[in-house]
Amino acid sequence: GFNEIIDSNLKSKFGKLYWNLFSKDLNQEKTILHSPFPSLPLFRKNKSVITVHDLIFLTNQEWYSKTELLFSVNLLKYSIKCANRIICVSQFTKKKLIEYFPAVEKKSIVIYNCLPPIHKIKSLKQFKPCVKSNLSLFLEKKFKYFVCPSNRHPRKNLENTILGFKNSQLNKRGYKLVLTGLNENNFKLKDDFIFDLGYLSDNEYYCLVNNSSGIIYFPFKEGFGLPILDAMMFNKNVFISELDVFKEILPNHNMLSDIDNSNSITEFLNNNFGKINSINHFEKDKFSFKLFQKKHLELYDCLKNEI
């Protein structure tokens, strides 16, 4: 495993970026440094690994500011050049990475994101939120609800999702739509069937999903799709976009292709309304924590033994 986990404890994007590039802690003579994002400290000489989650800032630059693009693109180029190994979270992400940077193919591998360990899942199912917390107050109302786990970025397709839900049988039958995640874009909510719980701790978020009927998640682009694993963990309903990476995670699952259209979302939700109380079964083996752990340790051992 890891000898040491180093965190910046900074909240701002630029603060984290500065720390990532210039921190003496990261530039110490560790045998291997694994950055869970495509960023490495400047002038590091020892071996390093990075994880690439998505390349949406390259494929859809119109969704990002010039400043974000300047830093993100140059940091990625520097990091993939310096890294000894590049972990991609999906075959889809790896394919995109090689399309833009063919030279990194030989040092790129795929390791899927994972579910928590079994003992952790058991403890999550028993978690109770703090009394009078926003989550606790919401759960006390005993609503039937779906979770839309998303920040407010345009690629998350929230406007179509909300309007599609509004006109669906789910809303008419009293189901609520609960948003989670940061609202950095000051996204405005007007309807009483929507609850925005904002940023939640991991335990609170998993508790919310565990008590829900499932997730509703129709983004335009993703590099993986962690909310799918979150719903799979508790065998909840998964209503999602038909994206290549989602088909990689859930092959043969019923998905919506026409997501840039609220009417299609409404129709899709209505068509699946009668199935929401069915028992869901998912193939989880390739997302197990043990496999995730095994593949990482194999990579570190291989890298450590290289001259």
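In this predicted model, the second largest pocket has a volume of about 280 Å³. Its lining consists of 13 residues, and those closest to the centre of the pocket are Leu-115, Pro-116, Ile-118, Ile-121 and Ser-288. Two helices, H5 (118-125) and H13 (289-305), each supply at least two residues of this lining, and H5 gives the most, with 3 residues. By residue class, the lining of the second largest pocket divides into 7 nonpolar, 2 polar and 4 charged residues.

From the pocket we can turn to the packing of helices. Two packed helices are described by the angle between their axes and the distance between the axes. For helix H7 (residues 158-166) and helix H12 (residues 262-272), the angle is about 50° and the axes are 7 Å apart. Because angles from 65 to 115 degrees count as roughly perpendicular and those under 35 degrees as roughly parallel, H7 is oblique to H12. The crossing in which H7 passes H12 is right-handed. On the H7 side the contact is made by Asn-160, Thr-161, Leu-163, Gly-164 and Phe-165, while H12 brings Ser-262, Ile-265, Thr-266 and Leu-269. Sorted by class, the residues of this contact between H7 and H12 are 4 nonpolar and 5 polar, with no charged residue among them.

Where H9 and H10 meet, Tyr-205, Tyr-206 and Val-209 come from H9, and Pro-227, Asp-230, Ala-231 and Met-233 come from H10. The residues of the contact of H9 with H10 divide into 6 nonpolar, no polar and 1 charged.

Trp-63 lies in the loop between helix H2 (56-59) and helix H3 (66-82). Which residues does Trp-63 contact, leaving aside its neighbours within four places in sequence? They are Ile-56, His-153, Pro-154, Arg-155, Phe-220 and Lys-221.

Terms used:
Residues are numbered from 1 along each chain as its sequence is written. This is a predicted model: local features need pLDDT of at least 70, side-chain atom pairs count only at pLDDT 80 or more; totals for chains, interfaces and linings use all residues. Side-chain values use heavy atoms; hydrogens and water are left out. Contact means heavy atoms within 4.5 Å. Helices (H or I, at least four residues) and strands (E, at least two) are DSSP runs, numbered from the N terminus. Ala, Val, Leu, Ile, Met, Phe, Trp, Tyr, Cys and Pro count as nonpolar, Asp, Glu, Lys and Arg as charged, and the others, Gly among them, as polar. On a 1 Å grid over the protein atoms alone, a cavity is a set of points where a 1.4 Å probe fits but cannot get out, and a pocket is an open set with protein on both sides within 12 Å along at least five of seven lines; lining residues have an atom within 4 Å of a point. Grid points are joined across faces, edges and corners, and a volume is the space filled by probe spheres set on the points. Axes are lines fitted to C-alpha atoms, for helices over the stretch in contact, and angles run from 0 to 180 degrees between N-to-C directions. Angles under 35 degrees count as roughly parallel, over 145 as roughly antiparallel, 65 to 115 as roughly perpendicular and the rest as oblique. A crossing is left-handed if the near helix is turned anticlockwise from the far one by less than a right angle, and right-handed if clockwise.
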